Amino acid sequence: MPSRAKQKQAHGDTDADQVLQAVILSDSFNSRFMPLTYEKPRCLLPVCNVPLIEYTIEFLAISGAQEIFIVATMHAEQIKAYIESSKWSKKNSSSLHIEVVHASECLSVGDALRELDARQLITTDFILVGGDVVSNMKLDKALEAHRSRKRSDSKYTDKNAIMTMVLKEGSSYHPSRARGEESVFVVDPSTNECVHYEPMEPFPRKKRLDINAEIFERHAEIECRNDLIDPLIDICSVEVPALFSENFDWQHLRSDFVRGVLTSDILGKTIYTYISNDSYAARIQNSQQYDSVSRDILKRWTFPIVPETNLQESDIYQYSRGNIYKGTRVMLSKSCIIEDNVQIGSGTVVGENSRVTNSVIGKNCKIGNNVNIEGAYLWDNVIIEDGVAIKRSIVANDAVILTNTTLDNGCIVSFGVKIGPSVALPKYTRVGSQPQPKDDYFDDEEESDDEEGDNAVSDIDLGEQGTGYIWIDKGDNDEDNDPRNLKVASLAFDLKDLSVGKEQGDDSDSASEIGDLSDSDDERDSVGDTWHPEQSQILAARKVEEFKRELEQSISRAFAEQHTVELAALEITGLRMSANGSYDDVRDVIVPAIINQVDLSKPMPSIRTVLKKWGSLIGKVTHGKDDQVHVLHILQVHCADKEQLHKLFLPALRLLYDDDVVEEDAIFRWYNSDRSKQLGPSATALRDKATVFIKWLQEAEEEDSDEDDE
Amino acid sequence: MVLSKALEAHVESFISRLKRRQIVGSYEVAKETAIILRQVVSTTRWSDATVLIQIIKDLGRRLSAAQPKELAVGNIVRRVLKIIKEVVRGELETDDIMNSGTSEESDDGFSDDDEEDNEEDSDREFKSILAQDTNDNADHTNDAIPARPKLQTESSMFNLLVDQHSDNVDYSAKSYGMKPLIIQEINEEIIADLETVYKGIADQALEHIHANEVIMTIGYSRTVKDFLTKAALKRNFQVIVAETSPTLQGQEMAAALAAVGIETTVITDSAVYAVMSRVNKVVIGAHAVLANGGLVAVTGSQMVAAAAKHHATPVLVCTALYKLSPLFPYDIDLFNVCVTPDQVLSFSEGTLIDKADVQNPYYDFVAPEFVNLFVHNLGSAPPSYVYRLINDNYDSEDTIL
Amino acid sequence: MIHSGADSPIFVMATEIEKQADSAPLDPKLFNAVECYHRFLQDPDMSTPVATFKVFTEFIRCSQAPTMTEFLETLRQVGETIQDASIYDSNEWKSLNNSRTRNPHKATIATLAGIHLFNQFVRRNSSDFTELEDLKATLLNGSARILEKAASARERVAETGAQFVHDNAVILVHSYSRTVMNVLQYAANVQNKRFKVYVTEGRPTSDGLVAVSELQASGIPCAAVLDSAVGFILDKVDMIFVGAEGVVENGGIINQIGTYQIALVAKALSKPVYAIAESYKFVRLYPLNQYDLPSIVPDIVSFSTRRKSSSNALDLGENHSVDLAMSNPSVDYTPPQYLTLLLTDLGVLTPSGVSDELIKLYL
């Protein structure tokens with residue numbers, strides 16, 4: 001906040017300078033943080049022990065905002081109560097005025113802006129941010145750039161400019177980018193005008209970008225940038241809310257508004273970008289970003305907004321080497337180990353032989369002995385009993401984790417929940433204090449996951465004294481109806497787990513999802529990253545290799561643990577999708593693997609049982625004649641490889657035929673293909689062996705056709 | 001809070017600027033603190049000195065908590081506290097001749113260093129006090145000068161030997177004439193002092209920098225810049241500036257020096273040791289000087305000082321007295337600030353920053369044994385003498401605010 | 001034996017009184033002084049200078065000296081007696097050492113500090129009064145205040161010292177010192193800091209072992225090291241805390257034997273050495289070297305007695321360790337350049353700041 005003197009000066013010399021207004025959209029209009037946001041709005045969730053909105057207000061204050069409107073929908077009372085009790089409203093003398101606008105009917109960003117327009121609160125250019133921005137950026141330059149476009153004397157005058165998007169340079173795989181919500185900005189580097197916007201969800205992968213040819217006419221040079229972190233900080237002109245009102249179907253700021261404006265010929269408005277590379281800006285849209293932003297704060301990328309700056313006046317944190325932040329009255333036992341990047345709130349007690357790394361622990365938590373906390377976020381008043389292990393999870397206020405309980409990666413435990421003793425929560429478990437409502441909170445139009453509902457009852461054990469309800473990730477009602485985008489956006493998500501996660505969390509719908517998507521997956525046989533052509537081939541090769549290895553592991557597990565074919569198929573599909581592998585690769589792996597299952601001491605009965613069970617698995621990954629031919633080629637090569645497998649070829653061929661995995665046509669095609677004749681002497685020998693079978697088939701077919709004829 | 005509304009707003013704004021590091025550099029911070037404290041004295045309602053001292057202490061605590069690394073805040077607060085106590089004691093002293101007798105005695109023993117400015121001070125002082133309180137004697141005058149040792153103010157048990165009542169100066173006595181006096185003291189002793197610090201230090205430049213010397217410095221310090229500039233008016237010498245990565249303040253410094261016609265060379269920080277053998281003197285600035293004579297200075301200073309020590313090159317530290325802090329380096333990290341690592345490794349190196357921890361400490365702690373001389377605005381002193389300067393400037397009761 | 005500056009008023013007086021004491025029979029009260037002194041020292045928490053002070057207070061209370069002059073004289077005699085007693089004690093105690101009875105009050109220097117302080121106190125006040133009773137009252141009053149202040153001194157030292165203990169620090173402590181123990185316990189129990197302590201054994205008294213058991217009882221991880229292993233272990237150590245029997249005028253300290261060499265090793269390895277002492281241990285001495293201390297110079301310094309002892313040395317019987325302890329000094333002097341800082345109840349002082357404090361006392 002500038003000093004009074006400065007303000008006066010600002011009022012004096014810049015003509016356009018009215019009060020700088022800012023709008024915070026406190027609501028996220030999605031359920032990424034469920035079940036936490038069921039009880040507390042996202043903007044009040046603590047990040048490094050400070051409510052998220054403090055960071056946003058601080059950011060706006062640094063940038064000189066004087067009037068802030070917080071548009072609150074969900075939990076509006078809580079937000080209002082918080083603001084009223086915060087330091088911002090205590091300072092009656094403060095030059096920062098905050099008003100909470102209660103807009104209970106809003107269901108999207110578009111609605112919120114329409115509401116603002118209806119209330120006519122906005123009188124000047126304003127800063128539009130989400131209630132979840134963490135930034136140390138000073139917007140003065142961006143503001144100046146935005147304003148100068150309006151002035152006629154400026155070099156880059158563009159009276160049609162209505163918005164400047166403030167973006168932060170990162171890299172395409174930057175951890176601070178919202179996974180699952182990346183986007184590509186096409187920018188004219190000479191003016192920073194944004195000419196095209198393309199959201200880039202990782203699933204299904206986009207391989208092409210359609211840019212209007214006119215753009216090339218108008219701009220001598222354009223850059224397609226996939227390296228930008230979009231913190232959703234926008235400097236908007238007054239007419240932006242009005243535009244939303246005019247286009248009542250616009251819901252989203254980026255995918256509707258920005259795209260709408262850029263593609264519309266009628267509106268004739270332009271949008272600019274301001275790309276910052278020296279300051280920090282990120283948004284906490286999902287639990288994965290919660291994790292990465294918290295870590296950025298602990299690692300001081302956000303300096304001076306770091307814990308020891310004590311954004312909340314009651315806090316006093318002390319920084320010490322290794323990025324360890326301790327509040328007052330922290331009681332660490334003599335033998336506990338506090339490793340790097342740890343923040344511990346005041347009044348917290350850590351017991352003997354406990355270990356804390358890369359974590360944030362809130363105020364007045366009690367952590368017992370022999371506890372291991374790694375990459376976790378414990379909020380205030382959490383009680384962790386002895387022998388607990390927590391990995392990369394969020395545990396909300398007043399939760400109790402009883403003895404010897406373990407929380408694996410990505411768990412979210414809501415307010416006041418009790419878990420344990422002696423249970424293990426699998427990865428990505430979400431435990432709410434209230435039962436999950438049947439309808440999604442924002443479920444107004446789409447039924448993205450209709451089959452969930454009641455069968456969401458889970459078999460996850462919360463322990464004898466456990467209280468709380470398992471929540472299942474329902475996904476958004478956004479149009480990105482690929483639930484995987486949601487998965488990858490959650491805390492500590494490991495891409496490898498894409499299928500495993502489904503298995504544990506929501507068995508019921510995973511099959512259908514995978515089924516739905518499998519069609520589109522077929523199109524994506526090439527793995528490549530359009531933006532890194534030089535690396536893509538190496539990357540692709542490495543990925544395929546890795547994928548195959550995982551596949552082998554998965555299938556051998558399936559054999560060893562006697563999985564059902566369905567389960568194995570599911571797992572394979574999951575793996576294939578997460579690694580973006582092709583079915584050819586899948587078959588390359590599983591056909592030999594299945595043949596290898598045959599007990600060679602008693603080949604005939606064994607191959608029968610093996611193929612009876614697993615033959616259908618091959619069938620599940622074989623979708624056409626070409627695929628069937630491919631299977632036969634693999635079989636041929638594999639059996640030819642080893643002496644003792646020679647005799648298995650014919651029975652296998654026969655059995656696969658019997659199981660309808662391969663059809664006659666395919667067998668004929670295989671037999672006649674050049675490839676089958678050129679795979680080495682032993683392979684050719686096998687082919688010759690099959691001649692009898694082929695003949696038999698041909699005869700049988702003739703008979704069939706004869707019969708048909710009759 | 002008893003502060004007036006306008007003042008409270010000013011304080012709040014100062015605190016948030018401190019927190020956001022929108023106001024950095026000990027000079028700016030010191031000046032603003034002094035101005036705020038003067039306003040507190042003048043606009044706050046206080047009936048006696050005890051109340052005033054308490055108000056100032058509370059405010060000082062708030063201000064220094066806002067940015068504990070800006071030690072200048074605390075230093076100025078302590079200076080003001082000392083001034084208030086002196087003024088109060090000055091008024092009470094007429095009926096306590098014995099005390100002032102001892103203090104005079106001790107004065108003579110120790111004041112050799114600050115002789116010139118004492119005279120100046122006492123002159124100024126004398127006039128102001130004559131106007132106030134004509135029947136007071138010269139002891140009073142001596143007393144009001146902060147740069148004097150005060151036996152009575154020590155919390156030592158030895159005071160008990162000296163006089164059993166001396167540590168009970170009655171600060172709560174109603175004393176109406178005090179306010180203008182205190183304000184005047186703050187104006188003259190602190191604010192006016194701040195305005196002349198650069199000159200005071202620069203004026204000594206010719207004593208330390210001789211013709212054809214090679215001087216090395218690091219970082220950007222206005223004090224050092226003025227010091228060298230002043231020397232350059234009369235003498236011809238060469239300056240080598242370490243670039244001071246990652247902030248590259250050294251380059252800025254070199255540009256400024258070159259602009260006034262000094263022959264300047266920029267070297268990388270890693271070349272400091274190699275070049276040191278040619279250097280006659282190292283002149284560096286400080287962010288703060290701690291009570292043991294160690295200093296908090298821009299990162300890289302310790303390296304320069306260590307290289308200088310190896311080559312037995314004298315190290316001069318140019319520092320104004322307000323940078324002198326009565327705190328000790330309890331922990332060498334305590335007064336350091338780790339700023340964003342962005343300058344060391346760009347944030348856009350996304351995947352790398354996730355795997356590596358990057359640190360970017362802004363300051364260095366230079367131990368007293370690496371420093372040969374402090375050049376301050378009233379003279380110069382070796383590190384072992386810093387404790388005297390501290391005792392002269394602050395009341396030891398106020399070390400912990 | 002060279003005392004601190006010959007112009008020191010105390011020693012001038014002391015020699016005069018010695019002469020008188022030979023001729024005149026001692027005041028019966030004086031016999032009590034030693035006994036009284038020992039009685040106060042029974043309290044393990046009482047520091048030597050404070051005990052000395054208390055003896056004086058007690059004496060003033062009982063004194064029936066009719067005139068001012070006599071009062072002052074007897075007072076001086078008391079001081080002398082106590083000092084003699086302390087020197088005697090320290091030797092006596094060394095010879096008793098093998099019985100492992102721990103007597104923390106061997107401190108000759110500390111006694112001296114107490115006596116100096118009190119004498120100075122008397123000197124300051126004596127000129128102001130003509131009536132003996134007034135003087136007595138003032139002295140009693142004043143010493144009560146001083147004792148009061150002294151009682152809180154250790155606590156304040158602990159507060160000052162504990163600031164220097166940072167989290168996960170490894171601290172080397174020499175032998176047993178109550179002030180150091182206080183600092184460590186304050187840091188551990190009040191400030192909840194976590195640190196580890198190495199304690200030197202502290203031959204010949206082996207007081208370090210007592211320190212180890214006390215620290216362990218307070219839950220501070222600690223281990224004893226041999227005095228000769230200091231160089232070995234110091235690489236692992238972040239800082240060194242030593243106590244002090246006396247802090248001398250130049251900021252050096254006099255402390256249990258072994259302190260000097262630890263400080264030297266620490267200097268070589270650039271580890272900070274913090275001396276922890278209450279301000280009443282400041283003593284007006286200016287030792288120029290190790291043999292310049294007002295205690296009995298041990299046999300080993302002069303080779304003339306060596307011949308005798310070397311013949312005894314052949315007999316490595318049970319008295320051997322006693323002989324060694326007897327022939328060796330119990331304290332050494334650590335010059336100021338080997339001390340990083342002094343942590344006192346007056347706050348943190350640089351060694352050069354000590355003389356200032358002393359000057360204030362004796363001006």
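## Burial and the make-up of chain C

A residue is called buried here if 20 or more other C-beta atoms lie within 10 Å of its own, exposed if 12 or fewer do, and partly exposed in between, with the C-beta atoms placed from the backbone. By that definition, 47% of the 363 residues of chain C count as buried. This is a predicted model, in which local features need pLDDT of at least 70 and side-chain atom pairs count only at pLDDT 80 or more, while totals for chains, interfaces and linings use all residues. Residues are numbered from 1 along each chain as its sequence is written, and chains are lettered from A and ligands numbered from 1 in the order in which they are written.

The secondary structure of chain C comes to 13 helices and 10 strands, where helices (H or I, at least four residues) and strands (E, at least two) are DSSP runs numbered from the N terminus. Two residues are in contact if their C-beta atoms, placed from the backbone, lie within 7 Å. Among the contacts in chain C with a separation of 6 or more, 80% are made by residues 24 or more positions apart.

Strand β6 of chain A, residues 126-130, is mostly covered, with five of its five residues buried.

Two strands pair if DSSP finds at least two bridges between them. Strand β1 (residues 21-25) of chain A runs parallel to β6(A) and is joined to it by five bridges, and A:L25 has A:G130 as its bridge partner in β6(A). With strand β12 (residues 228-236) of chain A, β6(A) pairs in the antiparallel sense over four bridges, and here A:V129 stands opposite A:I233 in β12(A).

## An open sheet in chain A

Six strands of chain A form an open sheet in the order β18-β21-β24-β27-β30-β33, with parallel pairing. Its edge strands are β18 (337-338) and β33 (424-425) of chain A, each of which pairs on one side only. Within the sheet, strand β21 (residues 355-357) of chain A runs parallel to strand β24 (residues 372-374) of chain A and is joined to it by three bridges, with A:R355 opposite A:N372 in β24(A).

## Helix α11 of chain A

Helix α11 of chain A covers residues 287-298, and its 12 residues reach 16 Å from the first C-alpha to the last, close to the 16 Å expected at 1.5 Å a residue; the expected span is 1.5 Å times one less than the number of residues. The helix is mostly covered, with 12 of its 12 residues buried, including A:Y290, A:D291, A:R295 and A:L298. Just after α11(A), A:R300 takes a positive phi of about 75°.

## Nonpolar cores

A nonpolar core is a set of buried Ala, Val, Leu, Ile, Met, Phe, Trp, Tyr and Cys residues joined through C-beta atoms within 7 Å. The largest such core has 342 residues, of which A:I70, A:V71 and A:V395 touch the most other members, and α4(B) gives the most to this core, with 11 residues. Apart from it lies another core, of 45 residues, among them A:V589, A:I607, A:V661 and A:A683.

Not counting residues up to four places away in sequence, A:I70 touches A:I24, A:S26, A:I79, A:I83, A:I98, A:V100, A:V101 and A:G131.

## Chain B: domains, contacts and one residue

Chain B is divided into domain 1 (5-199) and domain 2 (204-398), with bounds that come from an automatic or database domain assignment. In chain B, 27 residues of domain 1 are in contact with 26 residues of domain 2. On the side of domain 1 of chain B that touches domain 2 of chain B, the largest share, 10 residues, comes from α4(B).

Chain B also meets chain A, with 22 residues of chain B in contact with 27 residues of chain A. On the side of chain B that touches chain A, α1(B) supplies the largest share, seven residues. By class, this side of chain B has five nonpolar, six polar and 11 charged residues, where Ala, Val, Leu, Ile, Met, Phe, Trp, Tyr, Cys and Pro count as nonpolar, Asp, Glu, Lys and Arg as charged, and the others, Gly among them, as polar.

B:Q249 is found in helix α12 (residues 249-259) of chain B, and B:Q249 counts as buried because it has 20 C-beta neighbours inside 10 Å. Leaving aside neighbours within four places in sequence, B:Q249 is in contact with B:G219, B:Y220, B:T244 and B:V298.
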